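Hi,

Here is the structure I said I would pass on. Have a look at it first, and my notes follow below.

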Amino acid sequence: MKLTSTVLGTPEPRALAEFYSKLLGWPIRTDEPEWVTLRPDDGGAGLSFQLETGHVPPVWPPADGAQQMQLHLDIEVDDLEEATVAATAAGAVLADFQPQDDVRVCFDPAGHPFCLWTRA
């Protein structure tokens, strides 16, 4: 077995794929109205974006009765501050709650959380 992709639901698959393409530098491979994929050039596992018209973004930090975060992406970076600037310039939103000094929790344009982190 081989994991090929993590799939994120979104009301705008192409827009979310473009965000992650900018963030990660991965090219768009499949581009259909309801399904868009990114894969790194090295052939490793990629990201896919599936149309979800009823998408409800999760809440961070968790709150009773709200959509819970079921997964998040961890993205290792060399320079945390530089990566945070690049992510927000691409359309990410920095979370108000930051649980660690060496991690920045952000939200992508569809509201999915992801973490930028660097080795201490």
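Strands here are DSSP runs of E with at least two residues, helices are runs of H or I with at least four, and both are numbered from the N terminus. Strand 3 (residues 35–38) runs antiparallel to strand 2, with four bridges joining them; two strands pair if DSSP finds at least two bridges between them.

A word on the basis: this is a predicted model, where local features need pLDDT of at least 70, side-chain atom pairs count only at pLDDT 80 or more, and totals for chains, interfaces and linings use all residues. Residues are numbered from 1 along each chain as its sequence is written, and side-chain values use heavy atoms, leaving out hydrogens and water.

Back to the sheet: it is open, with four strands in the order 1-4-3-2 and mixed pairing. At its edges sit strand 1 (5–10) and strand 2 (28–32), each pairing on one side only.

Now the rings. They pair if the centres of Phe, Tyr or Trp rings (six-membered ring for Trp) lie within 6.5 Å; planes under 30 degrees apart are stacked, over 60 edge-to-face, the rest tilted. That gives five aromatic pairs. Tyr20 and Phe49 are stacked, at 5.8 Å centre to centre and 15° between planes. Tyr20 is in helix 1 and Phe49 in strand 4, so this pair ties together parts 29 residues apart in sequence. Ring pairs also link Phe19, Tyr20, Phe49 and Phe114 into a cluster.

Cheers
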